[in-house]
Amino acid sequence: MRKLYVFIGKPGCGKTTILKSLGVKYYDVLHYIKRYFDHDGWMDEANTIKAYQDSFRELKEVQEEKVFLELGTNHAEFVMKNLQELSSSA
């Protein structure tokens, strides 16, 4: 049975630092968000949702026994719904 470990918090609160100190492979929603940045490093809310959708779609395919996920605090209802689906598909 796959286990999902989720680190959620505001930028700079230490999520990445903790995950790096654990020495585990982790999935960071920022990786997906960066795909939608414009030339000035900004993006609109619609693209933020697209980035989160991309991340959850790809995470559903991950077959690792332990999955570590780093998320921001945006779109709490959307994130919780997708976390529930992701954990039940384990």
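Buried means under 20% relative accessible area, exposed over 50%, and partly exposed in between, with a 1.4 Å probe and protein chains only. This is a predicted model, where local features need pLDDT of at least 70, side-chain atom pairs count only at pLDDT 80 or more, and totals for chains, interfaces and linings use all residues. Residues are numbered from 1 along each chain as its sequence is written, and side-chain values use heavy atoms, leaving out hydrogens and water.

View 1. Helices here are DSSP runs of H or I with at least four residues, strands are E runs of at least two, and both are numbered from the N terminus. Val79, Asn82, Leu83 and Leu86 are the buried residues of α4. They sit on the same side of α4 because their arc around the axis, taken from the directions from the helix axis to the C-beta atoms, is only 110 degrees.

**View 2. Helix α3 and its cover.** α3 takes in residues 45–59. Its buried residues include Asn47, Ala51, Tyr52, Phe56 and Leu59. Among the elements covering the buried residues of α3 are β2 (26–28), α2 (29–33), β3 (66–71) and α4 (76–88).

**View 3. Confidence.** pLDDT is the predictor's confidence in each residue, from 0 to 100; its mean for the protein is 90, and 98% of residues reach 70 or more. Confidence is lowest in α4, at a mean of 89, and highest in α1 (residues 15–22), at 97.

Note on methods: Expected span 1.5 Å × (residues − 1). Contact = heavy atoms within 4.5 Å.
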